[in-house]
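Please look over the sequence and the structure shown below. The briefing that follows takes up backbone features, a helix pair and salt bridges.

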Amino acid sequence: MTDLAMDYLGLDALLSPEELAWRDTVRAFVGDRVRPNIKDWYEKAVFPVEIATEMGRLGLLGAHLSGYGCPGRSAVEYGLAALELEAGDSGLRTFVSVQGSLAMSAIHKFGTEAQKKHWLPGMAAGETIGCFGLTEPEAGSDPAGMTTTARRVRGGWVIDGAKRWIGLASIADVAVIWARTEDGIRGFLVPTDTPGFTATPIEPKLAMRASIQCDIALADVRVPAEAILPGAAGLRGPFSCLNEARFGIMWGAMGAARDAYEAALAYALERRQFGKPIASFQLTQEKLVDMVVEIQKGLLVALHIGRMKDAGTLVPEQISFGKLNNVRTAIAIARQARTILGGNGVALEYSPMRHANNLEGVRTYEGTDEIHILIMGRAITGIAAFS
């Protein structure tokens, strides 16, 4: 492999020495802890819970948040971490996303000082796990259609309803639950040992197998008055957290794409057919070039959006651009990489098909392609086509 094979446009030059050092730290962690184990975790559909505290010690949880034990890194540094984690597996990046971008962000953005001090230090350390209960069995792309309710009672609230596809719920200590109240949609912090709270893992799955997604049932769940997140009213609250997750996804997807490409390139250089490496064939080189072009473009998109986020100029509609482009591009790259491996590409020994399967899940959560297309369409035309 040549230098151009790994960084064709020299994009590393756009990163500071500190950013490069952080990226390499996370890359080494993935190499040591994820790559040797991911085939087994994926095949057995296991999320290694013990890795949470290891990620906490490294500063991966709530990396972009400040105070309360959080690392306080930049948006670009968080993106670089997501890139390297998903090069290992989407399930590991998803853990960091659910914990930091969703659950921790909700508390950090909308919680009281007491809530932040109580929950965030343990979550940053990976000693406390959080989940984010927004989507429901009949309300996925349209969270405004949620039927989960919270009603006032003396001394607090009673929550009833159901949530679906909630990451980490069965191992979480606290759930951020969004529910309809007489004052609109509000967020609540619900300890998962509260009577009436039940989380059931969704199995079996064809994607995100080294990750946990659950159904949640809420039956007469009673929480105190101070469980409400006072700073969040309406859907702007959960949507702001979703945008944090979508930002990490645009980076992570390029990590999965890069790993699939690197696996295909290494295989093409070693695999011989008709007396020579298949990398010498014109059709194989065309596939590899197409992958390089799209990966480099996707990384430029992620980096530019990251710089805008750090500068405070980013708007949510621009995050939709990155999530839409980079995830669907990454799926195409992973599928193309699989073809270079031929029949061997369906074996778990090689990563492209695993990445392709995972990315189908990533493509769906935090806004499907269709939702992001319509968000962008509204931004372009001024007309909301989905309301």
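Where is the place of Pro204? Pro204 sits in the loop between strand S8 (197-201) and strand S9 (213-224). This is a predicted model, in which local features need pLDDT of at least 70 and side-chain atom pairs count only at pLDDT 80 or more, while totals for chains, interfaces and linings use all residues. Residues are numbered from 1 along each chain as its sequence is written, and side-chain values use heavy atoms, with hydrogens and water left out. Helices (H or I, at least four residues) and strands (E, at least two) are DSSP runs, numbered from the N terminus.

**Backbone features**

- The peptide bond from Glu203 to Pro204 is cis, and its omega is near -10°.
- Met208 lies in the loop between S8 and S9. Met208 is not a glycine, yet it has a positive phi of about 50°.
- Met208 is buried, at a relative accessible area of 4%. Buried means under 20% relative accessible area, exposed means over 50%, and partly exposed is in between (1.4 Å probe, protein chains only).
- Tyr68 also is not a glycine and has a positive phi, of about 60°. Tyr68 is found in the loop between strand S1 (66-67) and strand S2 (70-71).
- With a relative accessible area of 26%, Tyr68 is partly exposed.

**Helices H10 and H11**

- Two packed helices are described by the angle between their axes and the distance between the axes.
- Helix H10 (residues 316-340) packs against helix H11 (residues 352-364) at an angle of about 155°, and their axes are 8 Å apart. Axes are lines fitted to C-alpha atoms, for helices over the stretch in contact, and angles run from 0 to 180 degrees between N-to-C directions.
- The angle makes H10 roughly antiparallel to H11 (under 35 degrees counts as roughly parallel, over 145 as roughly antiparallel, 65 to 115 as roughly perpendicular and the rest as oblique).
- On the H10 side, residues making the contact include Lys323, Val327 and Ile331, and on the H11 side they include Pro352, Met353 and Leu359. Contact means heavy atoms within 4.5 Å.
- By class, the contact of H10 with H11 has 10 nonpolar, two polar and six charged residues. Ala, Val, Leu, Ile, Met, Phe, Trp, Tyr, Cys and Pro count as nonpolar, Asp, Glu, Lys and Arg as charged, and the others, Gly among them, as polar.

**Salt bridges**

- Side chains of opposite charge can pair when their charged atoms come close. A salt bridge is a side-chain nitrogen of Lys or Arg within 4 Å of a carboxyl oxygen of Asp or Glu.
- By this rule there are 23 salt bridges.
- Asp24 and Arg23 form a salt bridge, with the closest N and O atoms 3.0 Å apart. Asp24 is partly exposed at a relative accessible area of 37%, whereas Arg23 is buried at 9%.
- Glu54 and Arg33 meet in a salt bridge through their side chains (2.6 Å, N to O). Glu54 lies in helix H4 (residues 51-58) and Arg33 in helix H2 (residues 17-34), so this pair ties together parts 21 residues apart in sequence. Arg33 is partly exposed, with a relative accessible area of 21%.
- Another salt bridge joins the side chains of Arg152 and Asp183 (3.0 Å, N to O). This pair links distant parts of the chain, 31 residues apart: Arg152 is in strand S4 (residues 149-153), and Asp183 is in the loop between strand S6 (174-181) and strand S7 (184-191). Asp183 counts as partly exposed at 48% relative accessibility.
- A network of salt bridges links Arg27, Glu84, Arg258 and Glu262.
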